[in-house]
Structures are given as C-alpha cells and as structure tokens.
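Hi,

Here is the structure I promised to pass on. Please have a look, then read my notes below.

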Amino acid sequence: MAAPPGDELVFREVLKGILAEFDNHDAATQKEVQTGMEKIFNSPKLDLLTQLLGEEVDAGAAHRIFFWPIVRDMRVYAEVFGLDETHPCGKSIKFHLMSVFYMKHSLDVDLLTAFVFFGGASALPKLFEHSQLHLRAQSVECFKRVLSLPPPAELPPEEGVKCVWYVKGRREREDFLVKQLYKAVTGADFLPAMLHNMEKDRYPGGVQMCLQVLMFCLGWVRFFFRTDRQLRLCAEVYSAIEAFKDEVHEDKVAPFARQILDDFGKLPPSQESTSSLVAMWRQLDVDPPEVDLAVGDGAAEGVVFWRQLGNGAFKGRRFEAALECYARGVAMGEGKVPAKDLALLHSNTAAVALNQKDHAAAEAAAGAAVAADPALAKAHYRLAEARLEQGKHRDALAAVLRLRQLAPADGAAAKLEDRIRAAAPEGALEGVEAEQAEQAEQAEEDLEGLD
C-alpha cells in the first residue's frame with residue numbers, strides 16, 4: 001500500500017532531528033542509525049500493527065505511529081513493550097518501536113507523559129530482562145527518563161521540585177500519573193527485573209543506572225506511601241545491592257550502593273515472608289490516588305510538533321517540507337483547537353510562500369492567520385508584503401496600517417509602509433487612512449456593545 005504524498009518529506013525532517021542527537025558519534029554509527037530508520041520507514045510492519053491493533057493499518061498510519069506519533073499512539077508503544085518476549089506479534093516490531101522511542105519519543109515530554117498514562121511505566125520493566133542486551137539497556141534508560149519528567153509548566157513552581165513525581169499541589173492529571181508509577185514500581189516485574197539487570201557485566205553502565213533508578217523509586221514510595229517515611233529492604237534486595245558496596249571497576253557504583261544501604265537498612269527477618277519482594281511493599285500504608293482519566297487526542301501538542309518541524313525545514317530552506325508540515329498541523333488542529341492556535345501555522349505558511357514568490361498563496365495564508373488572530377503582527381506584515389508584490393497597493397497599505405496600530409515602534413513596518421507609498425500610483429492611496437480609522441472606531445463600538 002502506497003504511503004501518502006508528503007510522508008517522505010516529513011520523514012526526512014524527522015530523521016534529521018534523530019541524527020542531530022548523534023553529532024558527536026562516529027560516521028559509522030550515524031550511518032547505522034540512518035539505515036535503520038530508513039528500513040523501518042520503508043517496511044513499517046503493517047501486518048503486525050494491523051494484528052496488534054485489531055484494525056487495518058495503512059502505510060500512512062504506520063509512519064505516523066513510528067515517526068510522528070500523536071498522543072494516543074503511545075498506547076501502541078505501551079502495549080507492545082508489555083508483550084511477552086515470545087509473543088509472535090511483539091518479537092520484531094518491539095525492536096523497531098523501541099529504536100524510535102529511545103532515540104526520539106521518550107525525549108518528548110508530552111509523548112512520554114502519554115506513554116505513562118497508557119501504562120508504559122508498567123510495560124518497560126517487562127523489557128528489563130529481555131534476551132537482547134541493547135533492548136534491556138534502552139528500556140532501563142527510558143524508565144529513568146520517566147522518573148525525570150518535569151512538573152507541568154502551568155502549575156505554580158514548588159521550591160526544590162524538579163520532577164512531576166514530587167509535586168505536592170497535584171491535580172487529577174498528576175494524581176493519575178502517580179497512580180501509574182506506583183503500579184509500575186510495586187508491580188510483580190519491577191524489583192526482580194532490576195535485580196536481574198544488576199548482575200555484573202550485563203551491559204556497560206547498567207549497574208549504576210539500575211542503582212540510580214532503585215534509589216529514586218525506593219525514596220519516592222517511602223516519602224509518599226509510608227506514614228513514618230521508614231522503608232526497609234528485604235533480604236533479596238539488600239544482598240543484591242550489598243554486593244556492589246565495594247565495587248572498584250565503576251566509579252559511582254559503590255557510592256550509590258552504600259547510600260541505598262545507609263538510607264534504608266534491612267527488613268527484620270521476622271517481617272520476611274515466603275516472597276521477600278512482596279514483603280517490602282507490605283510496609284506501605286498509604287494508598288495511591290484513586291483516579292481514572294481519559295487521554296485526550298493530543299491535537300494541541302500535535303499542532304506545536306508540526307509547527308516546530310516545519311520551522312526546522314524552513315530554516316534549512318526546505319520549503320516543500322515546511323509547507324507539508326504546516327498543512328498537517330492545520331489539518332490536525334482544525335476544529336479541535338482554538339483558531340488562534342493555528343494562526344502561527346498560517347503565518348509561517350505565508351512566509352514560505354513569500355520565499356517561493358507565490359504571492360497569491362502568501363496573501364491567502366496571511367489572511368487566514370489575521371482572521372484567526374488579529375493581534376499577530378507578523379501575519380499583518382506578511383499580508384501587506386504579499387499584497388504589495390501583487391500591486392494591490394490600497395489593500396497593502398490597509399494591512400500595514402493595522403500593523404502600525406499593533407506595533408507603533410516597529411521599524412520594519414515603517415519601512416514597508418514607505419515602500420508601499422512609493423510604489424503606488426499617484427492618488428491610488430487616497431482615503432485609505434480614513435477608512436482604517438473608521439473601521440477601528442467601528443470595532444471599538446462593537447466591543448463596547450458586548451454584554
């Protein structure tokens with residue numbers, strides 16, 4: 001099934017972003033990453049995705065899931081990572097999804113948050129014991145990124161709080177995230193998988209990373225889910241960590257191990273059970289939040305993604321790719337986000353069209369931007385410029401006069417007005433200022449008449 005027009009252009013922009021993360025690597029590594037991503041793009045496992053999702057997945061949907069996912073697509077990642085290693089659907093597609101998730105999507109706060117919403121934090125530990133070392137290493141590092149999710153920007157800052165997990169002024173959204181992480185950390189897979197990964201010589205830096213993850217998680221559950229904030233380690237966990245307290249081969253392993261042992265201590269034998277790992281969590285006496293939330297469609301985040309991807313293409317003068325990105329952003333957001341949120345996409349489309357000397361298209365896009373957000377100064381400038389290039393001097397002056405009202409000190413706007421006046425035939429601009437003043441006065445009267 002053929003991919004939708006424009007997918008190749010968008011993929012190349014996404015690939016540039018992925019490869020930028022490997023600027024400090026050797027050429028062979030960069031080539032390996034590029035080849036791997038191109039292979040996924042060209043053969044996106046349509047049959048397996050169709051089988052997993054229970055609905056037909058075409059090339060366009062598969063490309064989106066892999067390379068420019070929307071928020072709800074994170075459900076696919078969570079479900080696939082949670083599949084047993086022997087599952088026929090998950091065996092090969094798991095590697096492909098983890099490759100792009102590790103290199104790109106887990107670095108995006110919105111997508112990583114959605115991944116946790118869909119149970120991804122509980123799915124990752126199932127990969128901690130995978131037979132493929134690189135998959136295990138990537139899954140542990142992605143879990144560490146989950147633990148570093150920042151507090152939402154819209155919440156008031158709290159002193160010393162650097163991640164969402166320690167926010168005290170939580171809303172339902174944050175409560176649901178906390179519930180999901182609690183479920184993951186106290187679940188049946190997490191501790192055994194952590195201990196499995198701490199066996200020596202598994203993969204470089206693996207022990208240190210696991211100790212960091214353990215230190216955070218143990219401290220977090222103790223702080224929020226134990227009334228007296230006292231938590232003891234069961235014998236199995238204590239012994240596994242104790243084995244590294246004198247480690248000399250990796251600089252930070254021994255200090256991490258000793259700090260955990262000092263901070264938590266050992267659970268008394270009388271409190272152990274047949275399953276010592278279960279006994280650890282029996283110490284917790286505060287229940288996690290009881291809240292359930294639905295995940296939105298991610299349209300607002302998608303609009304931002306497409307604008308930023310398009311801006312990268314525009315700066316690189318890859319104009320067709322930029323137009324494709326802006327158009328996809330508009331299509332995703334139309335009817336789902338406020339029209340004002342689409343204004344930048346329309347305005348940036350106008351900028352591309354001006355560079356391509358397509359002044360009619362620039363006028364249409366800038367006009368759409370002004371209609372969506374009348375206060376967007378750049379849109380008025382581009383509208384005036386597009387009209388000037390088409391010889392529409394009266395309309396161009398009207399646009400620049402509105403711009404001058406918005407930004408009286410804008411030097412570029414003043415120069416553009418001078419250009420318009422110099423280019424217009426004698427008498428062609430007569431009465432434009434009066435018309436603009438009348439329109440402005442009418443607009444004020446309309447506002448005053450609103451209840």
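A residue is called buried under 20% relative accessible area, exposed over 50%, and partly exposed in between, with a 1.4 Å probe and protein chains only. F224 counts as buried because its relative accessibility is 18%.

Some ground rules. This is a predicted model: local features need pLDDT of at least 70, side-chain atom pairs count only at pLDDT 80 or more, and totals for chains, interfaces and linings use all residues. Residues are numbered from 1 along each chain as its sequence is written, and side-chain values use heavy atoms, with hydrogens and water left out.

More on F224. This residue sits in helix α12, which covers residues 206-225. Helices are DSSP runs of H or I with at least four residues, strands are runs of E with at least two, and both are numbered from the N terminus. Beyond its neighbours within four places in sequence, F224 contacts W165, Y166, R170 and V286. Contact means heavy atoms within 4.5 Å. Between Y166 and F224 there are 58 residues in sequence, yet 8.6 Å in space, C-alpha to C-alpha.

Now the whole protein. It has 23 helices and zero strands. Its C-alpha atoms fill a box of roughly 100 × 50 × 45 Å along the principal axes. There are 451 residues, and 48% of them count as buried. Among contacts with a separation of 6 or more, 65% come from residues 24 or more positions apart.

Best wishes
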